[in-house]
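Please go through the model below with the sequence alongside.

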Amino acid sequence: MNYGMLKAQIRATLSINDPVINAYIPNFISQAQARISREVQIFDLVKVIEVPLRSGESILKKPTDWVREISAYYFVSGVPIQLKWRPLSMMLKYSPAPFTEDESYPLLWGESSREDLFFTPIPSNNINISITYLAQDADFDGDESSTILSETYPSLLLYASLLEATPFVQSDERIQIWE
């Protein structure tokens with residue numbers, strides 16, 4: 001299902017011909033994409049990247065489509081080392097000791113900011129880290145465009161978009177509670 005078809009389906013399902021609501025339909029769709037990315041682990045949106053972490057560095061930039069972490073590992077002498085995800089405050093307080101005095105490899109990783117990933121202890125050698133993460137679905141680029149969600153899971157995207165529209169069009173039972 002492309003973007004134009006999705007918007008038409010939402011308009012038809014809502015059965016409201018209001019230009020204000022029609023103008024908000026793209027917002028409902030983008031909010032639905034964000035909700036699905038946060039709450040559902042869609043296999044097609046899982047990505048694996050390999051990034052170099054240089055000796056003496058502990059911070060890497062997150063990919064721009066990052067939603068959340070899944071796993072990270074690297075190899076030392078052919079042996080895979082799985083990194084443990086921790087909040088930054090916990091990593092700084094309980095930073096693990098290096099393997100040896102002259103050689104250290106990261107054992108923990110976490111988010112140091114919205115844009116960065118942090119690794120500790122700081123590696124003494126260059127390593128390549130394989131990171132598996134959940135990615136945000138791509139944005140639509142015109143009415144004829146489609147995304148992974150709209151092609152693979154069109155009913156889920158339609159349902160989530162209608163779910164986002166429900167409070168806006170005031171057909172939600174919870175509105176009485178909110179007022």
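Where is the place of Ser-77? Ser-77 sits in the loop between strand 3 and strand 4. Helices (H or I, at least four residues) and strands (E, at least two) are DSSP runs, numbered from the N terminus. The model is predicted, so local features need pLDDT of at least 70 and side-chain atom pairs count only at pLDDT 80 or more, while totals for chains, interfaces and linings use all residues. Residues are numbered from 1 along each chain as its sequence is written, and side-chain values use heavy atoms, with hydrogens and water left out.

Strand 3 and strand 4 form a hairpin with two residues between them. Most residues other than glycine have a negative phi, and most peptide bonds are trans. With a relative accessible area of 75%, Ser-77 is exposed; buried means under 20% relative accessible area, exposed over 50%, and partly exposed in between (1.4 Å probe, protein chains only).

Two strands count as paired if DSSP finds at least two bridges between them. Val-76 stands opposite Val-79 in strand 4, and Phe-75 has Pro-80 of strand 4 as its bridge partner. Strand 3 also runs antiparallel to strand 8, to which six bridges join it. Here the bridge partner of Trp-66 is Ala-135 in strand 8.

These pairings belong to an open sheet of four strands in the order 1-8-3-4, with antiparallel pairing. Strand 1 (46-53) and strand 4 (79-82) stand at the edges; each has a single partner strand, so one side of each is left without a neighbour in the sheet. From one strand to the next, the twist averages 30 degrees; the axes are lines fitted to C-alpha atoms, for helices over the stretch in contact, and angles run from 0 to 180 degrees between N-to-C directions.

Ser-71 also lies in strand 3. At 18% relative accessibility, Ser-71 counts as buried. Leaving aside neighbours within four places in sequence, Ser-71 is in contact (heavy atoms within 4.5 Å) with Gln-82, Trp-109, Ser-130, Ile-131 and Thr-132.

Rings of Phe, Tyr and Trp (its six-membered ring) pair if their centres lie within 6.5 Å; planes under 30 degrees apart count as stacked, over 60 as edge-to-face and the rest as tilted. By this rule the count comes to seven aromatic pairs. The rings of Trp-66 and Trp-109 have centres 6.4 Å apart and planes at 90 degrees, so this pair is edge-to-face. Trp-66 lies in strand 3 and Trp-109 in strand 6 (residues 108-111), so the pair ties together parts that are 43 residues apart in sequence. Trp-66 counts as buried at 11% relative accessibility, and Trp-109 counts as buried at 1%. Ring pairs link Trp-66, Trp-85, Trp-109, Phe-119 and Tyr-133 into a cluster.

A cis peptide bond joins Thr-120 and Pro-121, with omega about -5 degrees. Pro-121 is placed in the loop between strand 7 (116-120) and strand 8 (127-135).

Next come the helices. The twelve residues of helix 1 (residues 3-14) should span 16 Å at 1.5 Å a residue, and its end C-alpha atoms are 17 Å apart, which agrees; the expected span is 1.5 Å times one less than the number of residues. In helix 1, Tyr-3, Gly-4, Leu-6, Lys-7, Ile-10 and Leu-14 are buried. They cover an arc of only 165 degrees around the axis, which puts them on the same side of helix 1; the arc is that of the directions from the helix axis to the C-beta atoms. An α-helix has 3.6 residues a turn, so residues three or four places apart point the same way. The buried residues of helix 1 pack against helix 2 (19-39) and helix 5 (154-165).

Ile-148 is found in helix 4 (residues 148-152). Its relative accessible area of 33% makes Ile-148 partly exposed. Not counting residues up to four places away in sequence, Ile-148 touches Asp-44, Leu-45, Asp-137 and Tyr-153. Ile-148 and Asp-44 are 104 residues apart in sequence and 7.1 Å apart in space, C-alpha to C-alpha.
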